[in-house]
Amino acid sequence: MAQTNVLAGHGSTTNSIKIFAGNSHLQLAKLVAKRLGLDLARVAVLKYSNQETSVTVGESVRDEDVFIIQTGAGEINDALMELLIMINACRSASARRITAVVPSYPYARQDRKDKSRAPITGKLVANMLTKAGCDHLITMDLHASQIQGFFDIPVDNLFAEPMMCKWVRDNVPECKNLDCIIVSPDAGGAKRAAAMADKLGVDFALIHKERKKANEVSKMILVGDVRGKVAVLVDDMADTCGTLGKAAEVLIENGATKVYAAVTHGVLSGKATSIINSSPLTKLVMTNSIPHEDKALLCPKIETIDISMTLAEAIRRTHNGESVSYLFGNVPDGMGELDVVG
Amino acid sequence: MRNINVFSGSSHPALARSICQRLNMPLAEANLSKFANRETSVEIKVSVRQCDVYIVQSACGNVNDMLVELLIMIHACKIASARRIVAVIPCFPYARQPETPYKRNGMPLSRVPIEEMDKFATVFGGPSASAESSSSGGRQRNSPFPTSTANGVPETPANGRLDTPTLERLRDGTVSPTFSTPSTSTQGSAADIVPLESPAESSSAISSSSATPTPSSVRAVGKALPNGSLASNRHPANISVPHPLTHSLGNPVSNAAAVQGLMSGSLHVPGVTGGGYKHWAAKSGKLIADLLGVAGADHIITVDLHDPHFQGFFGVPVDNLSVEPVMVRYIKEHFPDWKKAVIVSPDAGGAKRASKIADRLGIDFALIHKERRQFAGAPAVVDKHGEGSHTTTTVPVSPSPIASPIASPLATPLPSPGSASTVAAASDMLLVGSVAGRTCILIDDIADTSFTITKAARTLVSAGATKVCAIVTHGIMSGDAVQRIKKSVVDELIVSNTVPQEEHRKLLGDKLKVFDVGAVLAEAIRRIHNGESISLLYNNLWALETHE
């Protein structure tokens, strides 16, 4: 990986991959580097005493292919500033190309002006990344895939769907005899859930919030039949998990035998873990786009899907100039499960 | 004034209110908070269509939060069709390379708690036991600075000697920092950082002294190093690494201190650093200017920008207001013997600023210069601006924890006591000019860690000054700076309110005086909105009144 014989895009000499990691998800970065057979590049990302971020670069990136792995998690503003400063530092150090690998894109939910004077922070983040000097963005399951249009630079929006489908096939035995049903916890995610249902060849259902008057609690209505089936709730993000918890209850009320939840980005803020623990969910499966070991300790229902192989493959293919489309439909075969403890 | 809205960010609402009071208009309403997942939430509650919007936000507290909030507010107003957006940033973020203060073990002070340090990306990619590092030669396996992960990259040419006088002194114990907790207020109950040792190795050593976990921020390096063995003589990496907690002051410090110092750019080893690449810290000034521009700011107002060349980084007009007239007026009003006082600049970089004030007042001027020459047995002082480009060898200057029982007889922080460096440090501040028997007024733009001010005050007092006061524009005073000021020989610290000072006032009481820059900012906003000239604000004959 460090030395490639394939002539890269621009420049006539081969260059190598340098992987920088910010502080938001060092563990994932280490896994990715391990999959690629590389060491993480030397950088110290700390804070000065006045809380300003300090980035000290420890190795040369001149004319190299730099990948900066930073996800929008924890203190998101700090993570964002670290990413921007690292990109800018590599740019001023004459890197050939800088790719930001951001599995969970920050501020993705502010993607449109749905009320007066609401900021489209997703667009602002896109502008900032581009201005800082980013040449390419690799992300996963953007809240709205239209966010790719906010950028003038190429964006690779990878999918967690193949990995989710694989997990369902491996862990939900009812899937084989079609006693399984994919459910979307809200109307907005219908497309995502339907695509997965098609892939697995099972049925699809949807939960929809009935908007009543202002002071009344909105009811959740199930559209579809789940009686006697194992339901799998599918969503892109699990934040406060209020919706997820209520949806699980609705499904049990309507006759589902078991309820799983498969979510790409597990933010799990606030009381999410206790809501999950007290809900009828059997398991909550999330990718490790956002670090959640501490939450997993509190909530035994959590299971993690490792996306490091997909990211590593995307990085490798980007560097070598190969097609990434394989990753949109397949789970890359890896070295097997790596020790997830970083 | 019509069609104008002044918003306040969450960093310094008091200043924004003061500005609005002088402009005789209400503060425009906006809801600023954070979502459950820590993303910033901004809701602008009033219409800004075709209005001039002024957003007041100062760089204090968590600077990254403040900056992102400001950018989102600017962006929100921009897409809400504001006519013009002016960012009023009294204390500008990332305006300089801050002086990196150090903990006892040489590690830069950071807010990261001990337990988290091992998760940090501060590590060198680390010489894994794989064949990669060995291909560059056997030496690389033991080097704390293996050459790059891509093999076949030639090493940067270097001097033969790896052991510099600095590293030797660290090893011999001439300079020996002790270890303190990040809070720096209690004395060494836990190791700060334990570099160069894997937890397994160090845990046995810890058991004798403390039960706290020892994270290794340089863990990967630690794994590669045999602990205690001296495979090759002169290589710093093979020095045996004593556990920090098991050695008291005066013992050889781990060369991890040097390693960390190198990583942070403070310790510069001339020639080779075991592999050739000279670490450098990124300077983000241009990036911040670009971010403000891209968010949609049309104009920037700031106060006493640390580096005036910053104005050139922006593509939009920047008004860099000066509090100099206010300072001059303050001195005249509050120092009865100002005619006989001496204006002193605490470092060579601020000489211009201080001398201008001295000229305005017509009084004497003096200057304190940090000696950077390397002389035997004494480390030089860290360059205030942390520029690693200097070829002098610097050593991390460790601050003494305030409550330390081993504190030096001097109250201000100096390299750890018990070494010849204590005496050397005080004497390596050269005073240019005479202050004997006079009141000294130190002038500086930023007081962050307050090392500069307190060290300068010490120098002045030992040169015979009767009273030492400091006037500083931006009193950021982060970390334990306030305690440092309290214990120092500074009689009075006068700061402006570009940064909120209530917390500092609680700790410093009467020692701290605050003058208001709200008047200057309000007047600037009024004139900019009306399209009038603001050059009067720079006129030394005319200074707005200050409120104590």
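This is a predicted model: local features need pLDDT of at least 70, side-chain atom pairs count only at pLDDT 80 or more; totals for chains, interfaces and linings use all residues.
**Ground rules.** Residues are numbered from 1 along each chain as its sequence is written, and chains are lettered from A in the order in which they are written. I kept to pLDDT of at least 70 for local features and 80 or more for side-chain atom pairs, with totals for chains and interfaces using all residues, and side-chain values use heavy atoms without hydrogens or water.

**Confidence, chain A.** I looked up pLDDT (the predictor's confidence in each residue, from 0 to 100). The mean for chain A is 89, and 92% of its residues reach 70 or more. Residues 1-9 of chain A stay under 50.

**Chain A, domains.** I took the bounds from an automatic or database domain assignment. Domain 1 covers 17-159 + 307-328, and domain 2 covers 161-305. Their centres, taken over C-alpha atoms, lie 28 Å apart. For contact (heavy atoms within 4.5 Å), I find 20 residues from domain 1 of chain A and 16 residues from domain 2 of chain A.

**Chain A, interface.** I next checked buried area (accessible area, 1.4 Å probe, that two parts lose on being put together, summed over both). The two domains of chain A bury about 1,400 Å², with 52% from carbon and sulfur atoms. On the domain 1 side, Arg109(A), Asp141(A) and Ile307(A) lose the most area, together 35% of what that side buries.

I then searched for salt bridges (a side-chain nitrogen of Lys or Arg within 4 Å of a carboxyl oxygen of Asp or Glu). The rule finds 1 across this interface. Arg109(A) and Asp239(A) meet in a salt bridge at 3.0 Å, N to O.

I also counted polar contacts (N or O atoms within 3.5 Å; within protein, one able to donate a hydrogen and the other to accept it; residues adjacent in sequence count only if both atoms are side-chain atoms). There are 9 such residue pairs between the domains of chain A, both residues at pLDDT 80 or more.

**Chain B, domains.** Here domain 1 is 4-99 + 282-319, and domain 2 is 323-371 + 428-515. I read 29 Å between their centres, taken over C-alpha atoms. Each domain of chain B puts 14 residues in contact with the other.

**Chain B, interface.** The domains of chain B bury about 1,200 Å² between them, 53% of it on carbon and sulfur atoms. I count 1 salt bridge between them. Arg96(B) forms a salt bridge with Asp448(B), the closest N and O atoms being 2.7 Å apart.
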